[in-house]
Amino acid sequence: MAAAAAAAAGKAQRGTPMYSQKNLTSKKKDDFEDILEERRQSSDLRYAMRCYTPVVYKGLSPCKPSALKTIVLQSEQVQYVIRELSKETGESPDIIQEEAAEILDEMGHSMHMGAIRFFALTLSKVFKCLFESIYVNEEGMQKLQQAIQEHPVVLLPSHRSYIDFLLLSYVLYTYDLALPVIAAGIDFLGMKIVGELLRKSGAFFMRRTFGGNKLYWAVFAEYVKTMLKNGHAPVEFYLEGTRSRTAKSLTPKFGLLNIVLDPFLKREVFDVYLVPISISYERVLEETLYAYELLGVPKPKESTSGLLKARKILSEDFGSIHVYFGQPVSLRTLVDGQIDRCPYNLVPRHIPQKPSEEIQKFVSDVAYKVELLQIENMVLSPWILTATVLLQNLPAIDIELLVEKTLWLKGVTQAFGGFLDWPDNLCANKAVRSSLALHANVVSLVNGQVVLKEEEARLGVAEELVFKQALPILLCGSYRNQLLNIFVRPALVALALQMTLTSRKEELYNTFAFWRDVFSDEFIFFPGIPLKLLMQHMFFRKKINLFLFNHKDFEEGCFLLTKCDAIQVTTQKILVTEEGSIVTSFLTEMFRPFVDGYQIICEYLSKEVNEDFTEKQFILGVRSFASQLLETGSIQCYEVLSSDMQKNALTAFVRLGTVTRKKMADGFTYTVSKEALSKTSGMLDKSPDQDQIHSLSFTNPARLLSLSTDNGPLLTNSTNPCSSPRLQDPQLILETSTIENEPLLIKGEHKQIFPSIEAFYKGTHIVPTPSCPEEATGAAQSP
């Protein structure tokens with residue numbers, strides 16, 4: 001009661017919070033059905049051979065694959081492109097038509113009931129060996145069944161494993177729903193027998209790049225649109241484009257989404273339903289393979305022999321899977337009031353049009369919203385929490401302390417709206433021990449201490465010791481990342497609170513916005529401030545009202561922190577509560593590998609790079625540089641060895657202007673701007689050690705009174721009689737401020753002011769000086 005009264009008093013003193021303590025809607029475990037339970041109790045053969053009569057859009061009969069190809073080849077759009085290419089190249093239209101037919105033969109699916117029944121039988125047996133349960137939300141299935149009958153449907157699942165598309169088809173077959181046609185990479189065609197089986201189960205194949213091939217693009221786009229318009233089957237593809245090796249959602253690719261939106265924009269269909277689907281694995285089949293890939297081991301080529309060799313995993317336990325079918329999203333509702341479809345009426349439908357900026361922005365917004373819905377509906381296992389705690393307590397942690405911290409993190413996760421699959425029938429101790437047993441390939445319990453296991457290294461990839469230590473950390477990191485998908489906004493607010501050392505909301509938002517844009521390839525955010533404007537505001541003091549831009553991420557991060565009583569938010573300030581320091585410190589530590597990793601990469605660019613380089617050279621260089629630092633113990637950030645972080649950092653540095661990218665005949669080359677790198681390095685620099693932090697206090701906005709450090713000199717206004725003019729530093733000129741009692745961070749020999757701080761005290765020189773008792777005693781007085 002006393003604590004509650006104190007908190008209430010503190011709240012009254014600080015002002016009214018901006019965010020109310022409303023409850024977040026949570027999903028319930030009871031909403032899911034285990035579809036493997038019935039499979040364990042009845043015949044798999046009877047299941048595969050059962051009567052299968054799915055309901056389809058407006059009662060249409062399935063279109064035969066051969067008829068579908070004929071429709072595409074005879075379409076106005078494909079014929080128009082054939083005529084245009086004939087004019088450009090001088091080739092006969094018949095020859096180009098034959099080429100189009102060959103593209104369709106390579107690309108097209110040939111769905112056959114025999115192959116579907118074969119997979120139903122085989123997958124039943126495989127899934128029962130690999131997984132304890134496959135949970136599906138029944139309400140989502142009912143909504144999908146209704147949607148399929150009303151309008152064309154596009155299924156948009158998350159992508160974490162090769163088995164994603166087989167799993168979804170298996171689920172739809174179980175619920176007697178129409179099987180989707182699935183966009184698959186053409187690499188799968190290299191798998192003898194298996195490639196054709198996938199084609200017969202509904203897969204259609206696309207090349208990884210179209211290389212400006214107008215005919216291929218026209219045929220592919222028309223093929224997808226024809227399947228969508230006729231509604232013969234739901235269309236399925238992955239917005240992320242490829243499997244995520246880190247369990248973080250990848251930035252969306254817009255090509256296929258543009259294609260499925262086109263028939264609606266041209267009024268060829270009344271509406272299209274987009275269905276976000278979240279697939280959550282308690283343990284991912286390819287987890288070790290992903291870690292090796294991130295450390296530089298080449299990805300094995302898809303092959304039937306490789307698939308057969310992988311059958312040894314059938315003896316392992318991979319826990320449970322949760323498949324959550326989200327609420328179907330009406331494209332018509334999304335478009336309403338956002339874009340004008342009238343310009344499409346002015347051009348014949350068969351003539352290809354380049355999407356306008358308005359359409360491109362709309363497509364981008366839709367893609368990000370769908371991925372955010374996928375993240376929202378992900379199911380988190382106890383191991384995800386345990387791995388997160390473990391990574392902050394290396395090299396070992398007592399099992400009882402691990403349980404205690406995991407239980408604390410469970411409460412924070414639920415406060416943040418995460419959906420936890422926590423076993424109701426087990427106490428916390430048994431739940432944590434059970435998750436450790438499931439992931440015994442990564443961790444082990446030795447004398448009451450939980451430690452990471454070290455895998456056998458593959459020599460030649462990196463130094464053996466570093467490689468062995470990095471592998472389990474990347475494995476654990478992939479599970480922690482699933483929590484970061486949800487924690488990223490409050491974590492960035494916590495990071496901003498630590499790095500700015502101010503409570504002013506505007507300053508915190510500036511820092512938050514900078515880090516959000518730096519990490520925009522690492523995590524999924526709402527569309528925000530253009531990074532160029534942000535840099536102009538922070539580096540060149542260009543006055544820009546950043547709150548005119550979308551700050552939904554910032555608001556959500558603040559709301560979630562207020563929900564667990566970590567901060568108090570008023571109209572002008574954000575203040576950490578006494579209890580909240582534990583939460584904000586934990587969140588900051590979660591993000592430390594990314595902040596440290598980008599700093600190390602920045603240091604590599606500064607010290608090691610003096611000429612143009614390619615992405616491959618960059619990755620190899622960073623890996624070698626970081627490995628040397630890890631070997632000597634100079635750094636402890638093993639996650640910087642991840643090629644995913646290295647590629648994302650390079651992309652961020654290009655956006656920041658630190659690195660420029662040039663298109664060459666054989667790819668891209670990159671050049672470092674040393675001047676821009678110096679500025680970026682200051683922005684990325686983490687919160688300094690305590691002996692580098694100097695607290696600056698004001699009691700009057702017209703005068704700088706004191707700047708002190710525990711084990712350094714006192715810094716004061718140069719007009720102070722205790723100052724020494726000989727020590728005056730002309731580089732430290734601060735601009736005026738009318739803010740009282742605000743801290744200012746000055747780093748490293750007083751040469752650099754943290755860039756996110758608004759300018760203070762223009763025209764005032766700051767000088768190092770001996771301690772001055774007179775100034776110290778007068779610091780609280782007005783001049």
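Guide: With a definition: a salt bridge is a side-chain nitrogen of Lys or Arg within 4 Å of a carboxyl oxygen of Asp or Glu. Keep in mind that this is a predicted model.

Visitor: How many salt bridges does the structure hold?

Guide: The count is 31. One of them pairs the side chains of Glu 88 and Lys 214, at 3.5 Å from N to O. Glu 88 belongs to helix H5 (residues 76–89) and Lys 214 to helix H11, so this pair ties together parts 126 residues apart in sequence.

Visitor: Which residue forms a salt bridge with Glu 268?

Guide: Lys 229 does, with 3.2 Å from N to O. Glu 268 sits in the loop between H12 and strand E7 (273–281), and Lys 229 in helix H11, 39 residues apart. Glu 268 is partly exposed at 30% relative accessibility, and Lys 229 is partly exposed at 23%.

Visitor: What about Arg 243 and Glu 286: are they buried or exposed?

Guide: Both are buried. Their side chains meet in a salt bridge of 3.4 Å, N to O. Arg 243 is in the loop between strand E6 (235–236) and H12, and Glu 286 is in the loop between E7 and helix H13 (287–294), so the bridge ties together parts 43 residues apart in sequence. Elsewhere, salt bridges with shared partners join Arg 39, Asp 44, Lys 125 and Lys 128 into one network.

Visitor: How many residues of helix H12 are buried?

Guide: Nine of the 11 residues in H12 (residues 255–265) are buried. Among them are Leu 256, Ile 259, Asp 262 and Phe 264. The cover over the buried residues includes strands E3, E4 and E5 and helices H11, H15 and H16. Just after H12, Arg 267 takes a positive phi of about 60°.

Visitor: Which residues is Ser 320 in contact with, leaving aside its neighbours within four places in sequence?

Guide: Contact means heavy atoms within 4.5 Å. For Ser 320 the partners are Glu 132, Ser 133, Tyr 135, Ser 280, Tyr 281 and Glu 282. Ser 320 is in strand E8 (residues 320–325) and is buried, with a relative accessible area of 8%.

Visitor: Which residues form a negative surface patch?

Guide: Asp 31, Glu 33, Glu 37, Glu 38 and Glu 138 form one. Glu 37 lies in helix H2 (residues 35–39) and is partly exposed, at 45% relative accessibility.

Terms used:
Residues are numbered from 1 along each chain as its sequence is written. This is a predicted model: local features need pLDDT of at least 70, side-chain atom pairs count only at pLDDT 80 or more; totals for chains, interfaces and linings use all residues. Side-chain values use heavy atoms; hydrogens and water are left out. Patches are made of residues with over 30% relative accessible area and no salt bridge: like charges are joined within 9 Å, nonpolar side chains (Val, Leu, Ile, Met, Phe, Trp, Tyr) within 5 Å. Accessible areas come from the Shrake-Rupley method with a 1.4 Å probe; for residues, only the protein chains shown count as cover. Lys and Arg count as positive and Asp and Glu as negative; His and the chain ends are not counted. The place of a charge is taken as NZ of Lys, CZ of Arg, CG of Asp or CD of Glu. Helices (H or I, at least four residues) and strands (E, at least two) are DSSP runs, numbered from the N terminus. Buried means under 20% relative accessible area, exposed over 50%, partly exposed in between (1.4 Å probe, protein chains only).
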